[in-house]
Amino acid sequence: MNKETSTLRSLANIIVRAVDSMERAYADAALPLPSLDKPFNPEDPAEALAQDSHVATAAKNLVAACAQISATVWNPRRFVTNQGKGVRSCSPIDKPPTDMKSKYNMSSCLRAVSDFNVVDVLREAGENGASVNDIGAAVGVDPRMIERILRLLATHHIFREVSPGVFANNRMSSTLEKAKPSRELFQSRETRFVGSSGIAAFVENDGEVGGKCALYLAESLRTPGLVPFNLAYDTKETLFEWMEGPERSYHVNRFASAMQGTAAMEPGDLIFRGFDWSALPRESVIVDVGGGIGHESLTIAKKYPHLRVVNQDFASPIEFSKAHWKKCFPEHVEKGMVEFLGESTFDHLHDFFTPQSVKNAAVFLLRHIIHDWPDDRAVVILQNLRKAAGEETQLVVIDKLVPFASTGTLADSKMSAIRGAEQQVAEAPLLPNWGAAVADVYLYDLTMHLMVGGIERTVQGFYELFAKAGWKLVEIHQSPGTQMSHIVGVPA
Ligand SMILES: C[S@@+](CC[C@H](N)C(=O)[O-])C[C@H]1O[C@@H](n2cnc3c(N)ncnc32)[C@H](O)[C@@H]1O
């Protein structure tokens with residue numbers, strides 16, 4: 001038996017063991033494995049089981065091993081050139097796909113079906129689906145284009161071709177539903193995402209803004225000081241400043257909803273897994289720094305209503321935030337337990353590059369903030385918080401943690417002393433970081449660069465950043481099935 005065959009066999013064995021483990025978990029719970037052909041139902045207990053750490057670990061092994069087998073056996077010229085056109089290796093069982101966002105035909109087709117509310121028309125058509133002529137008539141697009149787009153997606157397990165030219169939603173496509181009758185979606189573009197999971201907003205924002213920016217990666221490498229967004233949108237402003245401009249409320253709304261979508265991609269209890277919010281004394285203040293609509297602090301406050309929240313952001317997101325809190329948690333608003341800082345008066349303008357106005361908070365929460373900025377800017381944000389911190393203040397950064405793609409332990413003994421910092425390593429011959437199963441973190445890293453000049457960081461990256469800003473990194477909490485980590489600091 002030659003070496004290649006034995007690698008294949010080892011990968012196949014990993015697959016068999018992962019399938020056994022997954023089937024056992026579903027059999028023990030007397031639940032069926034979620035079907036790829038049926039629409040996604042987040043309330044289904046079988047979907048909740050997919051978040052269980054055993055099942056999530058088995059899924060991670062399966063995705064990694066299937067992708068590695070594909071790469072091992074496929075024609076290398078077709079494999080490489082197809083990456084540019086948008087091939088996915090194998091459909092993950094644990095969550096909706098997010099890892100095709102940099103692949104242009106997949107991302108542009110996904111954006112098109114979401115933009116034209118095709119998923120919502122198909123939801124109304126039910127499990128037998130609708131013909132491309134009916135879909136085309138409903139959404140106002142040439143049915144021949146609908147057919148080509150849907151067939152490409154169905155070939156990648158997003159939508160199902162029920163019979164020739166007839167398509168229905170499946171587990172993957174249905175994640176793009178917008179929770180409104182299609183008639184309403186066509187009536188008002190501005191409000192299409194309100195009440196949705198945010199996945200559609202994420203795909204549309206990523207497909208449009210990320211897609212345009214991606215075209216300028218090479219050019220930006222020759223233009224120091226400008227990121228692809230500046231070249232693609234012909235502006236010196238950052239994406240966030242640009243969105244504050246006139247007539248950008250559609251973009252702000254979609255971006256805010258997309259950020260909510262990033263939470264919907266993760267286990268629902270993720271925010272509670274890595275930090276004990278219940279231990280904070282009554283009336284403790286959590287400052288949601290750059291909180292957007294404040295969906296994460298809202299989730300915390302709903303579970304622990306004894307906690308106060310201050311949501312800080314620019315004026316436009318704060319306006320959406322007020323409406324969001326009034327709708328989703330009016331009691332907290334009425335009791336004055338949540339404050340919104342972001343009015344565009346100079347008295348209240350909140351900019352995290354200026355001194356922080358809330359002193360001695362219990363927690364400064366920064367979700368998806370630090371990854372938006374290069375080190376020199378991120379240090380300023382953290383320094384401003386450090387200056388406003390009291391002795392007991394804790395810093396909770398929630399961001400993706402970039403795994404090393406090699407084995408080897410953390411060399412610096414100071415870092416290896418941080419609770420939870422040690423990196424898990426996949427079983428050989430899988431890539432040590434689980435390859436395709438964690439590819440989204442590296443794709444996000446690039447997307448951060450494209451859109452805002454930001455970066456996803458390794459443990460070492462966070463350690464050094466915290467130290468420069470006067471914080472000591474004391475704990476990292478990583479959850480199976482997600483790359484989002486709680487990175488906790490205290491005043492140094
Ligand atoms: C990637 S979003 C994260 C939003 C939210 N924390 C979440 O996880 O959904 C970044 C947020 O930072 C805000 N932001 C950008 N620059 C800012 C600044 N200079 N001061 C305050 N907020 C800012 C943006 O408006 C945006 O809402």
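Okay, let's start with overall shape. For 492 residues, a compact globule would come out with a radius of gyration near 23 Å, and the protein chain has 23 Å, so the two agree. Keep in mind that this is a predicted model. If you draw a box around the C-alpha atoms along the principal axes, you get roughly 65 × 60 × 55 Å.

What is the chain built from? The secondary structure comes to 22 helices and 10 strands.

How much of the chain is buried? Of its 492 residues, 50% count as buried. As for contacts, take the ones between residues at least 6 apart in sequence: 69% of them join residues at least 24 apart.

A quick word on charge. The protein chain carries 50 positive and 59 negative side chains, and the centres of those two sets sit 3 Å apart.

Now let's zoom in on some strands. As a reminder, strands of a sheet pair through backbone hydrogen bonds, and they can do that parallel or antiparallel.

We'll take the antiparallel case to begin with. Strand S2, residues 160-163, pairs with strand S3, residues 166-168, in the antiparallel sense, over 3 bridges. If you want to find that on screen, look for Arg160, which stands opposite Ala168 in S3. S2 and S3 make a hairpin with 2 residues between them. In that turn you'll spot Gly165, with a positive phi of about 80 degrees.

Where does the hairpin belong? S2 and S3 are part of an open sheet of 3 strands, in the order S1-S3-S2, with antiparallel pairing. S1, which is 130-131, and S2 stand at the edges with a single partner strand each, so each has one side left without a neighbour in the sheet.

Which strand does S4 pair with? That would be S5, residues 308-312; the two run parallel and are joined by 5 bridges. To locate that pairing, go to Ile286, whose bridge partner in S5 is Val309.

So, to recap the strands: S2 and S3 are antiparallel, while S4 and S5 are parallel. That's it from me, thanks!

Methods
Residues are numbered from 1 along each chain as its sequence is written. This is a predicted model: local features need pLDDT of at least 70, side-chain atom pairs count only at pLDDT 80 or more; totals for chains, interfaces and linings use all residues. Side-chain values use heavy atoms; hydrogens and water are left out. Helices (H or I, at least four residues) and strands (E, at least two) are DSSP runs, numbered from the N terminus. The radius of gyration is taken over C-alpha atoms; the globule rule is 2.2 Å times the number of residues to the power 0.38. Buried means under 20% relative accessible area, exposed over 50%, partly exposed in between (1.4 Å probe, protein chains only). Contact means heavy atoms within 4.5 Å. Lys and Arg count as positive and Asp and Glu as negative; His and the chain ends are not counted. The place of a charge is taken as NZ of Lys, CZ of Arg, CG of Asp or CD of Glu. Two strands pair if DSSP finds at least two bridges between them.
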